[in-house]
Each structure stands twice: as structure tokens, then as C-alpha cells.
Amino acid sequence: MTPLARARFSQLILPRLDEGYRLARWLTGDATDAEDVMQEACLRAYRAIETFAEGNARAWFLTIVRNTGYSWLQRHRPRTVVFADDLDPVARAELDTGGPSIQAPETPEAALIAHDEARHLTRAIETLPVPFREALVLREYHGLGYREIAEVTGVPVGTVMSRLGRARQRLLEQFPRDQR
């Protein structure tokens, strides 16, 4: 690999490793498995960096992570479904926040309420069909735009919008009006 390609990889991919890890973590449900997916995804991105045409590097890399994650799941856990409730509390907190636990709310009561709401939301997201959940996670947790999600998932923008709308509607149906 040329020094220019190594520099390009460092510039385009390395700043996106946290985002890729969070996506891999959502797909696999396990920190160790997510690390395996990321290692393979980074290797794929590194090998293909010279073929990457100028464009949206974020969407390109997350597409690689997504595809690598699905391939990894098919090879290692073809029929296994992972629920956030199966994770230990520390891993679940990292999954919810995208990293190590952040500063706690001001009061114990606020912390308990926030924890309960996060757990309820996580469970609700887990009940969504995979295409809905994937679109929602890419939008709400990764902040991707509709076009970027369409690029990552390989579906038209209209389908992304529809999936997000349906996902949000299903989530709203799971929360009583007084909790919104």
C-alpha cells in the first residue's frame, strides 16, 4: 500500500471508528463481537481505500461495517437473536450512550427514571423489525441523513423515510401518552 493510501485511510476512516463500533455493537449485541466486526471492516476499508472515489466517506465506511456485521452474524450466529437485556449492566450502559458511562443525573430519583426510560426505549427498539431498527439506529444514534442511510443500506431514500416513519410510529404506540 502506498504512503498516500495509508494517509487517506488515516484521514477518512480513523476518525469514524467510534461510529463504526457503535453500529457493529448494535448489530452484534456484544462488545467482543463488535470488535471482531470492526477489525474485519477496517481491513476491508484499508484494502479498498485506493478505489474509494471522492464522496461520502462516512456512508462508505458504515456500509462496509454494516455488510461486514451481517456477514459475520451469518457465519457465527445464523439463528441467534441478541437482546440488550442479555448484556451486563455496564455493556448495556455503553450501548445506550455509545461509550463508557457519562456523568450521572443530578439526583438518584432522576437517575432511576432515566435508567428506566432508557431500558424501556431499548426494549422497544429491539422489538422493531431489523430494517426499521437499522434505519432508526443509523438516523438517531449515528445522525446520518436520509441519503446517507439510503447509501449505507442500499435502498431508495423513500424507503428509508418510510422505514423511519413506521419505526417511530411503532415506538410511539409502545409508550402511553402520559410517558411522552
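Student: Which residues does Ala-45 touch, not counting residues up to four places away in sequence?

Tutor: Ala-45 touches Phe-9, Ile-13, Trp-60, Phe-61 and Ile-64, where a contact means heavy atoms within 4.5 Å. This is a predicted model, in which local features need pLDDT of at least 70, side-chain atom pairs count only at pLDDT 80 or more, and totals for chains, interfaces and linings use all residues. Residues are numbered from 1 along each chain as its sequence is written, and side-chain values use heavy atoms, with hydrogens and water left out.

Student: OK, and which residues touch the most other members of the largest nonpolar core?

Tutor: That core has 43 residues, and Ile-13, Ala-45, Ile-49, Trp-60, Phe-61, Val-65 and Leu-136 touch the most other members. A nonpolar core is a set of buried Ala, Val, Leu, Ile, Met, Phe, Trp, Tyr and Cys residues joined through side-chain atoms within 4.5 Å, and buried means under 20% relative accessible area, with a 1.4 Å probe and protein chains only.

Student: Which helix gives the most to this core?

Tutor: Helix H4 does, with nine residues; helices here are DSSP runs (H or I, at least four residues), numbered from the N terminus.

Student: New topic: where is confidence lowest?

Tutor: Confidence is lowest in helix H5 (residues 89-97), at a mean pLDDT of 63, whereas helix H3 (residues 31-48) is highest, at 91; pLDDT is the predictor's confidence in each residue, from 0 to 100. Where pLDDT is low, the predicted coordinates should not be read in detail.

Student: And how many helices does the protein have?

Tutor: The protein has nine helices and zero strands.

Technical notes: Helices (H or I, at least four residues) and strands (E, at least two) are DSSP runs, numbered from the N terminus. Buried means under 20% relative accessible area, exposed over 50%, partly exposed in between (1.4 Å probe, protein chains only).
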